[in-house]
Amino acid sequence: KGRGVWQAELASSALTTQVASATIAPGTLSFAAQAVGTISGAESLTIQNIGGIPLTLGSVTVSSSDFVLNNQCPASVAPGASCAISIIFAPTDAEERTATVSVQANVQGDVLTANLQGQGTQGTTVVLTPLRMDFGSVRIGQTSPVQYMTVANMGQGAVGLKPLGIS
């Protein structure tokens with residue numbers, strides 16, 4: 001009485017995630033030697049969307065505290081567009097320093113990476129003694145007694161001196 005098995009065809013399609021195409025350049029960003037305890041000028045990594053769909057960016061991290069990031073990229077980068085991540089080098093030790101920048105994104109493998117490297121050097125301390133010199137009153141056309149100032153390098157690194165000025 002109307003009982004039976006009903007069959008219906010079901011179609012299934014897997015949801016596909018679109019994968020963007022992007023580059024991060026340079027692949028390795030090298031900083032000039034920098035004294036421990038000081039910071040370098042900013043250098044940049046450029047992320048470019050070379051595909052046909054928006055590039056979605058997530059977290060941006062660096063694997064070492066010797067490098068400091070300033071992410072200037074929006075959450076979405078249009079096809080053909082690019083953005084920059086500024087990085088400064090602030091070495092904590094006098095040796096070769098390396099790190100990896102990782103940018104989560106909707107790309108194959110889910111991450112864009114670039115390498116960072118820089119050489120930390122020993123800082124220098126220059127001491128001038130005495131700090132002031134007083135030549136007293138000297139008549140025009142006469143010469144004062146000679147006075148000497150000592151310039152001492154108290155650090156481990158080399159110090160370059162330019163011609164001194166008197167003011």
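**Entry 1. The disulfide.** I found that Cys-73 and Cys-83 form a disulfide, with their sulfur atoms 2.1 Å apart. I note here that the model is predicted. The count comes to one disulfide. I looked up the torsion about the S-S bond of Cys-73 and Cys-83: it is about 95 degrees, so the disulfide is right-handed. Cys-73 lies in the loop between β6 and β7 and Cys-83 lies in strand β8, so the pair ties together parts that are ten residues apart in sequence.

Are the two cysteines buried or exposed? I took under 20% relative accessible area as the cut-off for buried. Cys-73 has a relative accessible area of 12%, so Cys-73 is buried. Cys-83 has 9%, so Cys-83 is buried too.

**Entry 2. The chain as a whole.** I went through the secondary structure of the protein chain and noted zero helices and twelve strands. Buried residues make up 23% of the 167 residues in the protein chain. I also looked at contacts between residues at least 6 apart in sequence; of these, 63% join residues at least 24 apart. The protein chain exposes about 11,800 Å², and carbon and sulfur atoms supply 52% of that area.

**Entry 3. Strand pairing.** I picked strand β5, residues 55-62, and looked for its partners. Strand β7, residues 76-77, pairs with β5 in the antiparallel sense over two bridges. Which residue in β7 is the bridge partner of Leu-55? I found Val-77 there. β5 also pairs with β9 in the antiparallel sense, over four bridges. In that direction I noted Leu-57, which stands opposite Ala-105 in β9. For my own reference, the side chains in a regular strand alternate between the two faces of the sheet.

**Entry 4. Aromatic rings.** I searched the whole structure for aromatic pairs, and the search gave three. One of them is Phe-31 with Phe-67, a tilted pair at 5.7 Å centre to centre with 50 degrees between the planes. This pair links distant parts of the chain: Phe-31 is in the loop between β2 (28-30) and β3 (34-35), Phe-67 is in strand β6 (residues 67-71), and they are 36 residues apart. Phe-31 and Phe-67 are both buried.

I then followed Phe-67 to Phe-89. These two form a stacked pair, 5.0 Å centre to centre with 20 degrees between the planes. Phe-67 in strand β6 and Phe-89 in strand β8 are 22 residues apart, so I wrote this down as another link between distant parts of the chain. Phe-89 is buried, as is Phe-67.

**Entry 5. Pro-91.** Where is Pro-91 found? I located Pro-91 in the loop between β8 (82-89) and β9 (96-105). Its relative accessible area is 3%, so I recorded Pro-91 as buried. I then listed what Pro-91 touches, not counting residues up to four places away in sequence: Gln-34, Ala-35, Val-36, Gly-37, Thr-38, Asp-66, Arg-97 and Gly-120. I also checked Pro-91 against Gln-119. They are 28 residues apart in sequence and 7.6 Å apart in space, C-alpha to C-alpha.

Notes
Residues are numbered from 1 along each chain as its sequence is written. This is a predicted model: local features need pLDDT of at least 70, side-chain atom pairs count only at pLDDT 80 or more; totals for chains, interfaces and linings use all residues. Side-chain values use heavy atoms; hydrogens and water are left out. Buried means under 20% relative accessible area, exposed over 50%, partly exposed in between (1.4 Å probe, protein chains only). Contact means heavy atoms within 4.5 Å. Rings of Phe, Tyr and Trp (its six-membered ring) pair if their centres lie within 6.5 Å; planes under 30 degrees apart count as stacked, over 60 as edge-to-face and the rest as tilted. Two strands pair if DSSP finds at least two bridges between them. A disulfide is a pair of cysteine sulfur atoms within 2.5 Å. Accessible areas come from the Shrake-Rupley method with a 1.4 Å probe; for residues, only the protein chains shown count as cover.
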